[in-house]
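Please keep the sequence and the structure in view while reading.

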Amino acid sequence: MLRTAREGTNRESRTRRRLVLEYLRDAEETVTISDLAEHIAAIENDTTVQQLNAQQRKRVYIGLYQSHLPKMDDANVVSFNQSRGLVELKPAAEDLYAYLD
């Protein structure tokens, strides 16, 4: 049972990071973590950004802020400015696009 839960968490993490890369690639500019979190929350909850509730937004925002974006920044894939809440792609992300499509 523990293994299954861990596998599910790993799968969710990969999916969320893939969604980050896709959103940033499509945006072609620096974005706010709030906009990014709303976009991902809408996809994960199969709804629109307008129909999200605060808990849905917050759950994704916290995961991005505390885990995903710092790890992606450490891997030199994104630039994450925590104090300003801004995220942008770094050139190294280009190498990962082949895995997204």
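This is a predicted model: local features need pLDDT of at least 70, side-chain atom pairs count only at pLDDT 80 or more; totals for chains, interfaces and linings use all residues.

Which residue in β3 does S79 stand opposite? S79 stands opposite E88.

Three strands make up an open sheet, arranged in the order β1-β3-β2, with antiparallel pairing. The edge strands are β1 and β2, each of which pairs on one side only. Strand β1 covers residues 31-32 and pairs with β3, residues 86-89, over two bridges. Strand β2, residues 78-81, is joined to β3 over four bridges, again in the antiparallel sense. In general, strands of a sheet pair through backbone hydrogen bonds, either parallel or antiparallel.

| Residue | Residue opposite, in β3 |
|---|---|
| V31 | V87 |
| V78 | L89 |
| S79 | E88 |
| N81 | L86 |

**The hairpin and its loop**

Strands β2 and β3 form a hairpin with four residues between them, and within it G85 adopts a positive phi near 70 degrees. The loop between β2 and β3 also holds Q82. Is Q82 buried, exposed or partly exposed? Its relative accessible area is 38%, so Q82 is partly exposed. Leaving aside residues up to four places away in sequence, Q82 touches Y65 and P70. The C-alpha atoms of Q82 and Y65 are separated by 7.5 Å, although the two residues are 17 residues apart along the chain.

**Helix α3**

Helix α3, residues 54-74, packs on the sheet and touches β2 and β3; the direction of α3 makes about 130 degrees with that of β2. The N-terminal end of α3 is capped by N53, whose side chain places an oxygen 3.0 Å from the backbone nitrogen of Q55. Just after the helix, N76 has a positive phi of about 65 degrees.

The length of α3 can be checked by simple reasoning. With 21 residues and 1.5 Å a residue, α3 should span 30 Å; the end C-alpha atoms are 29 Å apart, so the two values agree. Along its course, α3 bends by about 50 degrees at L64. L64 is also one of the buried residues of α3, which are Q56, V60, G63, L64, H68, L69, P70 and M72. An α-helix has 3.6 residues a turn, so residues three or four places apart point the same way.

The side chain of H68 makes a polar contact of 3.1 Å with the side chain of R17.

**Helix α2**

Helix α2 comprises residues 33-44, which is 12 residues, and reaches 16 Å from its first C-alpha to its last, close to the 16 Å expected at 1.5 Å a residue. Its buried residues are I33, L36, A37, I40, A41 and A42. Just after α2, D46 takes a positive phi of about 50 degrees.

Helix α1 spans residues 2-27 and contains R16. Why does R16 count as buried? Its relative accessibility is 3%, and the cut-off for a buried residue is under 20%, so R16 falls in that class. Not counting residues up to four places away in sequence, R16 touches I40, E44, R59, V60, G63, L64 and H68. Among these, I40 is a buried residue of α2, and V60, G63, L64 and H68 are buried residues of α3.

Technical notes. Residues are numbered from 1 along each chain as its sequence is written. Side-chain values use heavy atoms; hydrogens and water are left out. Two strands pair if DSSP finds at least two bridges between them. Contact means heavy atoms within 4.5 Å. Axes are lines fitted to C-alpha atoms, for helices over the stretch in contact, and angles run from 0 to 180 degrees between N-to-C directions. The expected span of a helix is 1.5 Å times one less than its number of residues. The bend at a residue is the angle between axes fitted to the seven residues ending there and the seven starting there. Buried means under 20% relative accessible area, exposed over 50%, partly exposed in between (1.4 Å probe, protein chains only). A polar contact is a pair of N or O atoms within 3.5 Å; within protein, one must be able to donate a hydrogen and the other to accept it, and residues adjacent in sequence count only if both atoms are side-chain atoms.
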